[in-house]
Amino acid sequence: MAVNGEEHLPNDREKDGGETQDIGLDTQLEIYPDEKGLTMFDRYHRGKVVPPYTGLNRIPAITWLELFSQQQLPAWRPVITPSQVVLTLIGMGVVMLAVGIACTVSTLKVVQVKENYSKFSPPGSETVFTEEQKSIYLQENGGFEVDVSLFIEKDMDPPIYVYYELTNYFQNNRRYVRSVSPQQLAGLPTNMDNLQLLCEPMLYVSGAPDPSFEEDGLMTPCGLQAWSFFNDTFSFNRVMSSEEQSELQNSTEMLQPIFVDDSDIAWPSDQHFLYGNVTAQNFNDDPEYRGGGTLDEPLNMEQHFMVWMRLAARPDFWKLWGVVNEKLYAGDEVKVTILNQYNTYGFRGTKSIILSTNSWLGNHNIFLGAMYLAVGGFFVLCGIIFQIAYLIKPRHFGDDSHLSWNKSESLNKK
């Protein structure tokens, strides 16, 4: 129906035969358009009202965001009493103390034996070598053997983990971190431009293509990370006790070999996904340009290499060497023969050999338990102080005498 040339929509009275519908008080208040642009006059569809959002105190709103901005969403609004605050603080403190005690007890059960072997001079030397002298000796002679004795003070139940520790070694250096080709390690095809971008300066054996080497001296794997592969070796023996030697009718020192299992020390994801069946080529073969150890097997079988390539975030770090699956008893002496080849003396780093058991929290680390104990004790102390303060000067629920305007009025009356 058109009126004055414009289309006219029938109102409620016209649709219902002249009678007005009772749309309700709440609906009459809904005069603003909703998210669809409809007002209270448009919210009839086949005889059914389209309700808007409704907040607290039956306050209508167009969108959920409007209710949120006006703080009209239904919510739990507890009234916090002093007793609830005290109980919450003490309860949280007790839980933290319990967790802290559990962490501390678990950590204290870890048995750890550690010895710095980089402090020893080459055998047969008449003087104590300086760091510079040791560095020169390694460069000229390749390495020297060191015998280290580890004395077990407490029983060590298997598995016993063997670690080596390096200090002052920044594997998190930016240039060191980016100097590796993941595609090359995985055995995927990669072009020379990509290798030059990632692996420099350790792309070629001598730093540049050299026809005297195979493939012009191109290193596989390339990069600083692989080139600096740790190459000290360790062999472990248990010194037999005098009783055991007497049983064998031998008074001389006898050593019982300790087998160290290094067949499963790398992450499974590294073994199956990051490293392919890649054979090393021109890799630390030339003593003049050698940076670390060599690789005799394909990369996906070199467990020690995979462990080394897992970079450490801190300059002092441990890396897993192997696992001992036999028990060591208190009073045992473990003799470690070390081939000291890896040169850390040039940057004043140290090297240590470590035997350690593990707990459900890992290695010996008192920090987590101490933090739980400290925070839990602080919470309990705060709860006790609040309770004492409330007993000395209580404030009853609903007491408004401490409000600033009431305090000023009482002072004025005085």
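Start by selecting Y117, Y164, Y169, Y176, F230, F234, W308, F317, W321, Y342 and F347, which ring pairs link into a cluster. Here rings of Phe, Tyr and Trp (its six-membered ring) pair if their centres lie within 6.5 Å; planes under 30 degrees apart count as stacked, over 60 as edge-to-face and the rest as tilted. By this rule the count comes to 20 aromatic pairs.

A word on what you're looking at: this is a predicted model, where local features need pLDDT of at least 70, side-chain atom pairs count only at pLDDT 80 or more, and totals for chains, interfaces and linings use all residues. Residues are numbered from 1 along each chain as its sequence is written, and side-chain values use heavy atoms, with hydrogens and water left out.

Next, zoom in on Y169 and F317: their ring centres are 5.9 Å apart and their planes sit at 85°, so this pair is edge-to-face. Y169 is in the loop between β9 (160-166) and α6 (174-178), while F317 is in strand β13 (residues 317-324), so the pair ties together parts 148 residues apart in sequence. (Helices, H or I of at least four residues, and strands, E of at least two, are DSSP runs numbered from the N terminus.) Y169 is buried, at 9% relative accessible area, and F317 is buried too, at 5%. Buried means under 20% relative accessible area, exposed over 50%, partly exposed in between (1.4 Å probe, protein chains only).

Now select F234 and W321: with centres 4.9 Å apart and planes at 85°, this pair is edge-to-face. F234 belongs to strand β10 (residues 233-239) and W321 to strand β13, 87 residues apart. Both F234 and W321 are buried.
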